[in-house]
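User: I'm new to this one and would like to know what the labels rest on. Could you walk me through it?

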Amino acid sequence: MNVVTDRPEARWLPSRHRFAMARLIAYAELRGARAAANNTEHLILPIDRDQTAAEMNGIAIWVFVTTVCYVVAALPLVWPAAIIVAIPIAAIALHFPIVVIGPIVRMLIGDGDHVKIISVVTMVLLAITSSYFVVSSSWARYVASFFLAVLLVNGAAAVVVWLLRGSIRSAEKRCAR
Amino acid sequence: MTQSAWWRRFSVRGVVWRQLLRFAILTVPPWIEPIVMAFWSAFFLLWGPGRRGVMRNLKVIKPGSSAIANFFRCYRVFWNYAWTIADNVRFKELRTIPDWEFIGWNHFQAMQASNGAILLTAHMGSYDLGAHLFSETSTRRIVMVRAPEEDPQTREFEEHHGAEGLRIEFNTRATELALDLLETVRDGAIVAIQGDRVTGSISTLPATFFGKPVNVPAGPFALALAARVPIYPVFVVRVGRRRYRLVTSRPIEITRSRNRDDDFARAVAQWMTELEDVVRGYWYQWFTFEPYWPEAAA
């Protein structure tokens, strides 16, 4: 694993972000970043796609809230009771792709890309659920619309990131040099 | 396997949870990780003795705090513990390195350059991860002394899945280990010891922590005196997702005088001051699940 030392602005390396939207935002920040003040005496930043807290925690909260909304909409309970019941159900439901699909994928392809496959399968399951709710008359259709809209925007961001790949690589080299 | 042995696998220190953690590290997509962490941290609040131990310790660290506030603080301790052990397993299994920030870099470099030193730390943040990582990057050999896992199957699992390059010694064979460590330090190695908690029947020194009397392990101080090497207080604190701060304080020098008890008392007092400052600031990362103070146990 490559690391960058004593360059705080390297936190904005697009390579330290996973999703296209986050990579694009990171690239914009990196272009605008001057040599940032270093609050520590020595800093080691590994270049790893899953390193950024804001991105990963933000997506986790978004996915969890979306799942809770779908469970609340599906439960035949009054709102406060439905929310209380939906929170643990949503947490357990999000474990299913990992527990059920994870061992099967690992058995079939071994260690390596299995986490990527589980990740894609989980996102596809959420997209299918969102497609179901988006055409319903439930209030959850707004949540589903937002979920699908974010996926579309991320898809568009992926195209922009691909078009900018040369500039991104140059900016990263300048920062990590 | 007997019925009781089968059930022991599911006890809080049982091997099943280590296996489950390893499975999760190898299988969970990173963007679902926070949800999984939040769920399992809440699940482990069902562990009554651990929860009560943390809450009683918090009562001493934060005088006048309410039980309900300490319950939520206890969740924060469990949440941080879950992340630190996960980061440790992730490093061992996938070689994933977190971000590192250094405070007291000059002291850390001095320790690396010294001809033998004691690295004194506490059950805080990811001490395991720090030791494993720096055993691979340090120019000095690092020997870590720690208490063994209570459960034999868990011990076997940890030995099987341990990182290479780090020598771990268990503090159960006190006399022969003391001689081994003395020779190791004299050879220029760094011996990492946790100096906040007494486990088993090891020799102790009296100290004061948050204004109350406690006992701390005597080993690190006796070793420093015998080998004539400094003690460096080092704390590995988790400051965010896959982000750690390594705080190295000024060294504790044990000078020999005619009164050995006074020599030890001065060194222990300096250590307790450093420890208290860090625990006060990062109480949510002091992973002591048993009541620490005798009256807290009552």
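This is a predicted model: local features need pLDDT of at least 70, side-chain atom pairs count only at pLDDT 80 or more; totals for chains, interfaces and linings use all residues.

User: What share of the residues of chain B count as buried?

Analyst: It's 39% of the 298 residues of chain B. To be called buried, a residue needs 20 or more other C-beta atoms within 10 Å of its own. In chain A, buried residues make up 31% of the 177 residues.

User: What makes strand S3 of chain B largely enclosed?

Analyst: Count its residues. S3(B) covers residues 142-146, and four of the five are buried, so the rest of the structure largely encloses that strand.

User: How do you know that S3(B) pairs with strand S5 of chain B?

Analyst: Pairing takes at least two bridges between the strands. Here S3(B) and S5(B), residues 190-194, are joined by four bridges, so they pass that test, and they run parallel. Within the pair, Val143(B) stands opposite Val191(B).

User: Which residues touch the most other members of the largest nonpolar core?

Analyst: That core has 110 residues, and the ones touching the most other members are Ile118(B), Leu119(B), Met124(B), Val191(B) and Ala192(B). Val191(B) is the S5(B) residue that Val143(B) stands opposite. In soluble globular proteins, nonpolar side chains tend to be buried together.

User: What is Ile118(B) in contact with, leaving aside its neighbours within four places in sequence?

Analyst: Its partners include Val191(B), Ile193(B), Pro220(B), Leu223(B) and Tyr232(B). To count as a contact, the two C-beta atoms have to lie within 7 Å. Across chain B, 73% of the contacts between residues at least 6 apart in sequence join residues at least 24 apart.

User: How many residues of chain B are in contact with chain A?

Analyst: 24 residues of chain B, and they meet 28 residues of chain A. Helix H2 (15-27), helix H3 (33-43) and strand S1 (99-103) of chain B each supply at least two residues of that side. By class, the side has 15 nonpolar, three polar and six charged residues.

User: What makes strand S2 of chain A and S1(B) a pair?

Analyst: Same test as before: at least two bridges. Three bridges join S2(A), residues 42-46, to S1(B), so the two count as paired, and they run antiparallel. His42(A) stands opposite Phe102(B) there.

User: How do you know that the span of helix H5 of chain A agrees with what it should be?

Analyst: H5(A) runs over residues 114-134, and at 1.5 Å a residue its 21 residues should span 30 Å. The end C-alpha atoms are 30 Å apart, which agrees. Helix H6 of chain A gets a similar check: its 24 residues should span 34 Å, and its end C-alpha atoms are 35 Å apart, which agrees.

User: Why are the buried residues of H5(A) said to be on the same side?

Analyst: The buried ones are His114(A), Val115(A), Ile118(A), Thr122(A), Leu126(A), Ser130(A) and Phe133(A). They cover an arc of only 155° around the axis, so they sit on the same side of H5(A). An α-helix has 3.6 residues a turn, so residues three or four places apart point the same way. On the other side of H5(A), Lys116(A), Val124(A), Ile128(A) and Ser131(A) are exposed.

User: Which helices do those buried residues of H5(A) pack against?

Analyst: Helix H2 (53-74), helix H4 (96-109) and helix H6 (140-163) of chain A, together with H2 of chain B. From H6(A), the buried residues pack against H2 and H5 of chain A; in H6(A), Ala140(A), Val143(A), Ala144(A) and Phe147(A) are buried.

Key: Residues are numbered from 1 along each chain as its sequence is written. Chains are lettered from A and ligands numbered from 1 in the order in which they are written. A residue is buried if 20 or more other C-beta atoms lie within 10 Å of its own, exposed if 12 or fewer, and partly exposed in between; C-beta atoms are placed from the backbone. A nonpolar core is a set of buried Ala, Val, Leu, Ile, Met, Phe, Trp, Tyr and Cys residues joined through C-beta atoms within 7 Å. Ala, Val, Leu, Ile, Met, Phe, Trp, Tyr, Cys and Pro count as nonpolar, Asp, Glu, Lys and Arg as charged, and the others, Gly among them, as polar. The expected span of a helix is 1.5 Å times one less than its number of residues. The arc is that of the directions from the helix axis to the C-beta atoms.
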